[in-house]
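Please read this briefing beside the sequence and the three-dimensional view.

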Amino acid sequence: MLWLAAACTATAAQGDAGSLTGVPGDPARGLAILRDPSLPSCLICHSVSSLPDRDQGVLGPSLDGVADRFTADAVRLRIIDARKASPETIMPPYFAIDGLFRVGSRWRGKTIYDPQQVEDVTAFLMTLAE
Ligand code: HEC
């Protein structure tokens, strides 16, 4: 029981990340970031059935209803560094640079998103309720 309690505490600590900026994210900007061809899109791997975008991904779970399953803090954590929730994940960290190998030169030493982009994409995901 003691072990279980400790494990639960650890999960809670790893399952959330508070706002990086204190400025609320803008869902419309978040969607624009997903569609920005210069940034690796979530839609490479995920799908959102309410979007008309073609060629959505099937490697990751659908993001439909993600706001019903996760809090904003849990979504933000997964965008910042999904390895914190799922250590073996293939999902790239959008706001972490540690522990990566053979990173393409464009992204070496740089995060994919800046802090406000993390907030905007989090805000867009939180509109995906069923
Ligand atoms: C290279 C593929 C890939 C990309 C790109 C990617 N993801 Fe993921 N994502 C995954 C996979 C696979 C999972 C399943 C969890 C795991 O790997 O353990 C996942 C899980 C998630 C989850 C948890 C969903 C659930 O129902 O369990 C969220 C939220 C998420 N991703 C959001 C995003 C967002 C937002 C982006 C873009 C900023 C993104 N992902 C980019 C592959 C990807």
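Glutamine 116 has its place in helix H5, which spans residues 115-125; helices are DSSP runs of H or I with at least four residues, strands are runs of E with at least two, and both are numbered from the N terminus. The model is a predicted one, in which local features need pLDDT of at least 70 and side-chain atom pairs count only at pLDDT 80 or more, while totals for chains, interfaces and linings use all residues. Residues are numbered from 1 along each chain as its sequence is written, and side-chain values use heavy atoms, with hydrogens and water left out.

**Glutamine 116**
- With a relative accessible area of 19%, glutamine 116 is buried, a term that means under 20% relative accessible area, whereas exposed means over 50% and partly exposed lies in between (1.4 Å probe, protein chains only).
- The side chains of glutamine 116 and threonine 21 are joined by a polar contact of 2.9 Å; such a contact is a pair of N or O atoms within 3.5 Å, and within protein one atom must be able to donate a hydrogen and the other to accept it, with residues adjacent in sequence counting only if both atoms are side-chain atoms.
- When neighbours within four places in sequence are left aside, glutamine 116 is in contact with Thr21, Val23, Pro24, Gly25 and Arg29, where contact means heavy atoms within 4.5 Å.

**The ligand and its surroundings**
- The ligand is surrounded by 22 residues, of which the closest are Cys42, Cys45, His46, Ser86 and Met91; a residue is counted here if one of its heavy atoms lies within 4 Å of the molecule.
- By class, this shell has 15 nonpolar, five polar and two charged residues, with Ala, Val, Leu, Ile, Met, Phe, Trp, Tyr, Cys and Pro taken as nonpolar, Asp, Glu, Lys and Arg as charged, and the others, Gly among them, as polar.
- An N or O atom in the side chain of histidine 46 is 2.7 Å from a nitrogen atom of the ligand.
- Polar side-chain atoms also lie by oxygen atoms of the ligand, at 3.2 Å for arginine 69 and at 2.4 Å for serine 86.
- Two or more residues of the shell around the ligand come from each of helix H3 (66-69), helix H4 (72-81) and H5.

**The loop between H2 and H3**
- Serine 41 lies in the loop between helix H2 (27-34) and H3, and serine 41 is buried, at a relative accessible area of 13%.
- A polar atom of the serine 41 side chain lies 2.9 Å from the backbone nitrogen of leucine 43.
- Beyond its neighbours within four places in sequence, serine 41 is in contact with Leu34 and Tyr94.
- Leucine 43 is found in the loop between H2 and H3 and counts as buried at 8% relative accessibility.
- Leaving aside neighbours within four places in sequence, the contacts of leucine 43 are Leu34, Val48, Leu51, Asp53, Asp55, Gln56 and Gly57.
- Leucine 43 and serine 62, which are 19 residues apart in sequence, are 9.6 Å apart in space from C-alpha to C-alpha.

**Helix H4 and the whole protein**
- H4 is mostly covered, with seven of its 10 residues buried, namely Ala74, Val75, Arg76, Leu77, Ile79, Ile80 and Asp81.
- The protein has five helices and zero strands, and along the sequence its pattern reads α-α-α-α-α.
- Of its 130 residues, 32% count as buried.
- Among contacts between residues at least 6 apart in sequence, 58% join residues at least 24 apart.
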